[in-house]
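Good morning, everyone, and thank you for making the time.

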Amino acid sequence: MSPDSTSNTTYREELREAMREALARDERVFLMGEDVGRYGGAFGVSLGLIDQFGPDRVRDTPLSESAFVGAGIGAAIAGMRPIVEIMTVNFSLLALDQILNNAATLLHMSGGQVAVPLVIRMTTGAGRRLAAQHSHSLEGWYAHIPGIRVLAPATLEDARYMLASALADPDPVLIFEHGSLYNLSGQLDTGCGPVDLDTAAIRRPGNDVSLITHGGSLGKTLQAADRLAEEGIDAEVIDLRTLRPLDDTTILGSVRRTHRAVVIDEGWRTAGLSAEVATRIAEQGFYDLDAPVERVCGAEVPTPYAAQLEEAALPQTDGIAAAARRTVG
Amino acid sequence: MSVKSTAAGDSPAKGRGRTTTRGTAAKRRAGEPGLVQLLTPQGERVEHPDYAIDVTPEELRGLYRDMVLTRRFDAEAITLQRQGELGLWASLLGQEAAQIGSGRATRPDDYVFPTYREHGVAWTRDVDPLNLLGMFRGVNHGGWDPNENNFQLYTIVIGSQTLHATGYAMGVAKDGADAAVIAYFGDGASSQGDVAEAFTFAAVYNAPVVFFCQNNQWAISEPTEKQSRVPIYQRAAGFGFPGVRVDGNDVLAVLAVTRAALEHARSGQGPMLVEAFTYRMGAHTTTDDPTRYRSDEEREEWASKDPIARLRTYLEREGIAGEAFYAEVEAESDALAKRVREGVRNMPNPGTMAIFENVYADGSSLVDEERAQFVEYMSSFESGDVATAGTGH
Ligand SMILES: Cc1ncc(C[n+]2csc(CCOP(=O)(O)OP(=O)(O)O)c2C)c(N)n1
Ligand SMILES: [Mg+2]
């Protein structure tokens, strides 16, 4: 364990340390994407890694998402362990065929012969005034796809320790880093790694209502829980962590205790991740519920550009607290 | 028809006009191979065998004015961003000649598909600069009517507009219109599948589209060598249409080459690729710090090829413009700066309900439902403070 376990760190630094460890530990690991080399990535995550590992293992690629994801698949099936960085989820859409039609299905289409141990990291989410085409929250959408695993680290520990587990996974793993989290700071709990990729985490225990969320909405949800506590409502906050496969045991275990659930997802509501979670609760926990499941999602519009409109279109603390109150009211 | 890509391009302009600008400057062939140049960095007028140009003194002064005002506007936008008045700004500093020269080559009935950096082209299409600023301030999505100026809205997903331009050009051809389409893109964008596919389509359908690549040497932190092993203009050959590299800091050469390319497209000869060899003097956007990845020397070297300085040298040497003209442009530039400063600060913020607008052309029950829920939710807050409330549904 690192000796500096008491020092302050950030989500960004922990993602970087995770990659540093992976690159140092395993010769097969390399990183590629736009501006990941000298620039250190659009969000500064890989800053300095090229100095330590050289341009062969930290590669600036031509500006083509389809090409570097596709080439990542090729390298993975050749025995490498590529980490591909897509600048943001928005541009992953240019590589969708490679992700969905290829990475996610090769094992199946090859009768189990060709596994794709590829890790793709990308920034997700809104809240940075970048307008509709730069603000998608599509992790729930990717969670729709059989054959891949979808992760959404929301804490320093998950930023640090999920990568190693993802690289050890024989299948394609997509890691979604919410843009608002990079500057998240605090102290790393070094005792927790390596982490599993199968379970959701209870970030705040409570008895009155289960607030179920992930990624960039976790902070707002914890804030809402604090506010509810002042009103005497004891909310439990669940961080899904892994969006595919979902951890029904933790979700349902919580709802069975609290009898109420609010699902918070920055993504759109219709046919989204929140719908999936709510359905599982309805299917498996219907008789435990004392109130209808509530959802707090991004407004079903292209993410607005203007700051105050964007804020209004995203889940915020007040809205989460209001939904929780409705379930206990 | 056999098309080839040569250093100087496929000479669609061969034999078109001769220079009429008066002057005594030595007229000689530009030294650098593979680059069409009509005005050297030292402001010397040179000839090119394939690209001649007719420009009147008045036009020359106009090009100068365009470039100065565009640069001033750009500088003002950077300042406004620093002051927190704009969310972001993508500066065109250094690319004035590439943009003004090509923009002025278009006719009103031609159609332009820009990226996010084409403020100079927007200027030539009479798009009010305040509209661009409103977009970067985040209060509107551009605000101009693309069909009024035949200037599409900005595109930020790299490369996609080249496909739109191709489709649009196919429509133009089908209409039998005597017009061309010009699609702007960057050196980085040249790596995108969309751009290669646009080339294929345009070639196969013989679409009247000019692909105008501003090779400003950088795609954020990646130099052009990371994108291509051959000069970008040479790519056209493989697709079966001509490509030409022009000195992108030479407004006359850009004007001549783009005119020829547009004429090539208009006259039914299909697409053409123009690579304007230029330099992004500023940061990628206001969130970028170029000192992290490139040297001062490189920037200095390009500074010596400044597009405005070289035209001014030429104008002065040839006595095409005098002090009164420069003073006038300066005054105009100050007035423009003042207008954009004040205009930006006074832009109204859109109302919150605007988030439900323009999701579907004819509305949608789903959006109506959300809007109604939102109104109800908002009314539950005494203050109606939408900004902190967020979606409650
Ligand atoms: C599909 C896609 N991928 C990545 C980005 C992020 N991005 C914005 S600008 C840019 C570089 C573009 O470089 P270039 O095409 O040379 O144009 P320039 O910015 O130099 O004008 C990148 C990678 C994007 N907007 N769209
Ligand atoms: Mg560029």
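Let me begin with the sheet in chain A, which is open, has seven strands in the order β3-β2-β4-β5-β7-β6-β12 and shows mixed pairing, where two strands pair if DSSP finds at least two bridges between them, and where helices (H or I, at least four residues) and strands (E, at least two) are DSSP runs numbered from the N terminus. At the edges stand β3 (58–60) and β12 (242–244) of chain A, each with a single partner strand, so one side of each is left without a neighbour in the sheet. From one strand to the next, the twist averages 20°. Within this sheet β6(A) and β7(A) run parallel and are joined by three bridges, and L151(A) has I175(A) in β7(A) as its bridge partner.

A word on conventions before I go on. This is a predicted model, in which local features need pLDDT of at least 70 and side-chain atom pairs count only at pLDDT 80 or more, whereas totals for chains, interfaces and linings use all residues. Residues are numbered from 1 along each chain as its sequence is written, while chains are lettered from A and ligands numbered from 1 in the order in which they are written.

Turning to the helices, α3 (residues 65–77) and α5 (residues 96–103) of chain A pack at an angle of about 30° with their axes 8 Å apart, the axes being lines fitted to C-alpha atoms, for helices over the stretch in contact, and angles running from 0 to 180 degrees between N-to-C directions. α3(A) and α5(A) are therefore roughly parallel to each other, a term that covers angles under 35 degrees. Which residues of α3(A) meet α5(A)? They are S66(A), V69(A), G70(A) and I73(A), and they meet D97(A), Q98(A), I99(A), N102(A) and A103(A), with contact taken as C-beta atoms, placed from the backbone, within 7 Å.

Now to the domains, whose bounds come from an automatic or database domain assignment. Chain A is divided into domain 1 (8–190) and domain 2 (201–328), and their C-alpha centres lie 26 Å apart. Between them, 23 residues of domain 1 of chain A are in contact with 22 residues of domain 2 of chain A. On the domain 1 side, the elements giving two or more residues are α7 (139–142), β6 (149–151) and β7 (173–178) of chain A, and the largest share, three residues, comes from β6(A). In chain B the assignment gives domain 1 (57–345) and domain 2 (352–389), with 38 Å separating their centres, taken over C-alpha atoms.

As for the two chains, their contact takes 34 residues from chain A and 37 residues from chain B. On the chain A side, α12(A) gives the most, with six residues, and the residues of that side divide into 19 nonpolar, eight polar and seven charged.

Finally, ligand 1 lies between chains A and B. It is surrounded by 21 residues, the closest being I158(B), G186(B), G188(B), A189(B) and A219(B), where a residue is near if its C-beta atom, placed from the backbone, lies within 6 Å. This shell around ligand 1 divides into eleven nonpolar, five polar and five charged residues.

Key:
Angles under 35 degrees count as roughly parallel, over 145 as roughly antiparallel, 65 to 115 as roughly perpendicular and the rest as oblique. Ala, Val, Leu, Ile, Met, Phe, Trp, Tyr, Cys and Pro count as nonpolar, Asp, Glu, Lys and Arg as charged, and the others, Gly among them, as polar.
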